[in-house]
Structures are given as structure tokens and as C-alpha cells.
Amino acid sequence: MCFDSSRPVIRRVQQIPPAVHRALPEVDCGTIVQVTSSSQATQHLRDLALLRRVRDRMDREYAQPLDVEALARGVHMSAGHLSREFRHAYGESPYSYLMTRRIERAMALLRRGDMSVTDVCFAVGCSSLGTFSTRFTELVGVPPSVYRRQSASATAEMPPCVAKQVTRPVRNREARTSEPQLA
């Protein structure tokens, strides 16, 4: 397969007759693997840039009603492709990432102590108090109402930037064990 660097990459294999091949001396010929891997690497970099845009949008618009389909439409991908590529790049699904951002923001609002759990739930973009409480408990280890009571005194004298880092939720797979695992 011949490759002209001034033209877009043709992904399907074409058979070029020898007479035509000899008539095109300015065309640089390479192997199919070289052309395909170059194209795949370029596409992978484009996908990573789009995934960063999706992640930045989730960080910015966490309080808005976002779903994977809407995020995928915003970067012209299918929802399935976005989910697979996002999980491959960041180690968690887009929904999981968004919920973690929402829970982090909810923790900050609960530490302030001036909002009820229900108000915090809706302020961070969750539409169901039950789902919010369940996810909060999974990530933080205590229900939001208990966290609100406990955190007011625990972080009272800490600067907000330190309190945010210290109280960041840790997923079960990320948590470090205190003892080495024996087989």
C-alpha cells in the first residue's frame, strides 16, 4: 500500500497494479503496519484530548444534570466508546468520576455546617437523596448526616485547603492496607 503524506490516510487496503505503482514515483511507499500505527497513534492523542475536555466539563459543571450520552455528544463520540476510553485513561467510569467530584464538593459544603443534607444533595447536582446518601456512605465511610456532625469539630482549626486534602474520599481499591497481604 502506498502512502502520500499530503493526503489523508486510507484505512482499507488497496491493491495497486505494478504499472500504476511505477507511474507514481513521488508517492512514498510504506508498510500497512506503519500507516495504520501512525493513524492509530494520532487518533489516540485526539481521544485523550477529548477525554480531558469531558473530565474538565464534569469538574466545572458537576452541579448540572450530566449523563454519559450528553457528555459523549459534546465530543462527538458514542456513549459506549466514551465510557470505554474514559475508564482506560482514568481508571474509572465517567459516572463514577462525576459522583466522586460531587461527593467531594458535598463534603466541603457539609463541613461548613450551614446547609442541611438535603440542600447539599441538590446543590451538588444529585436528584435523589437516597442515591446521594448511599454513594456518600460508600466513598466516605459514614452517612452524610454523621459526617456533618463529626467534621465540624474535626476540621475547625484547619485551613480549607488542608481540610480538603485530608478529607478527600478514598475508594476501596485505592485505600492502602496497614498490613501486607499474605497469600
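This is a predicted model: local features need pLDDT of at least 70, side-chain atom pairs count only at pLDDT 80 or more; totals for chains, interfaces and linings use all residues.
Colleague: What makes you say that Arg101 lies over the face of Tyr97?

Modeller: The distance, to start with: Arg101 is at 4.3 Å from the ring centre of Tyr97. Residues are numbered from 1 along each chain as its sequence is written, and side-chain values use heavy atoms, leaving out hydrogens and water.

Colleague: Which residues join Tyr97 in a cluster of ring pairs?

Modeller: Phe86 and Tyr90 are linked with Tyr97 by ring pairs. Rings of Phe, Tyr and Trp (its six-membered ring) pair if their centres lie within 6.5 Å; planes under 30 degrees apart are stacked, over 60 edge-to-face, and the rest tilted. By that rule there are 4 aromatic pairs.

Colleague: Why is the pair of Phe132 and Phe136 called tilted?

Modeller: Their centres are 5.8 Å apart and their planes are at 50 degrees, so the angle falls between the limits of 30 and 60. Both sit in helix α7 (residues 129-140), 4 residues apart, which is about one turn of the helix. By the way, helices (H or I, at least four residues) and strands (E, at least two) are DSSP runs, numbered from the N terminus.

Colleague: And how do you know whether Phe136 is buried or exposed?

Modeller: Buried means under 20% relative accessible area, exposed over 50%, and partly exposed in between (1.4 Å probe, protein chains only). Phe136 has 0%, so it counts as buried.

Colleague: What makes the pair of Phe136 and Tyr147 edge-to-face or stacked?

Modeller: The planes are at 70 degrees with the centres 5.5 Å apart, so this pair is edge-to-face. Phe136 in α7 and Tyr147 in helix α8 (residues 144-154) are 11 residues apart, and the pair links distant parts of the chain. Tyr147 is buried too, at 7%.

Colleague: How do you know how many disulfides there are?

Modeller: A search of the whole structure finds 0. Cys121 is in none, as the nearest cysteine sulfur, that of Cys126, is 5.0 Å away, whereas a disulfide needs two cysteine sulfur atoms within 2.5 Å. Cys121 is buried at 0% relative accessibility, and Cys126 is buried at 8%.

Colleague: Why do the buried residues of α4 count as being on the same side?

Modeller: Those residues are Leu82, Glu85 and Phe86. They cover an arc of only 105 degrees around the axis, which puts them on the same side of α4; the arc is that of the directions from the helix axis to the C-beta atoms. On the other side of α4, Arg84 and His88 are exposed.

Notes:
A charge sits over a ring if NZ of Lys or CZ of Arg is within 6 Å of the ring centre and within 35 degrees of the ring normal.
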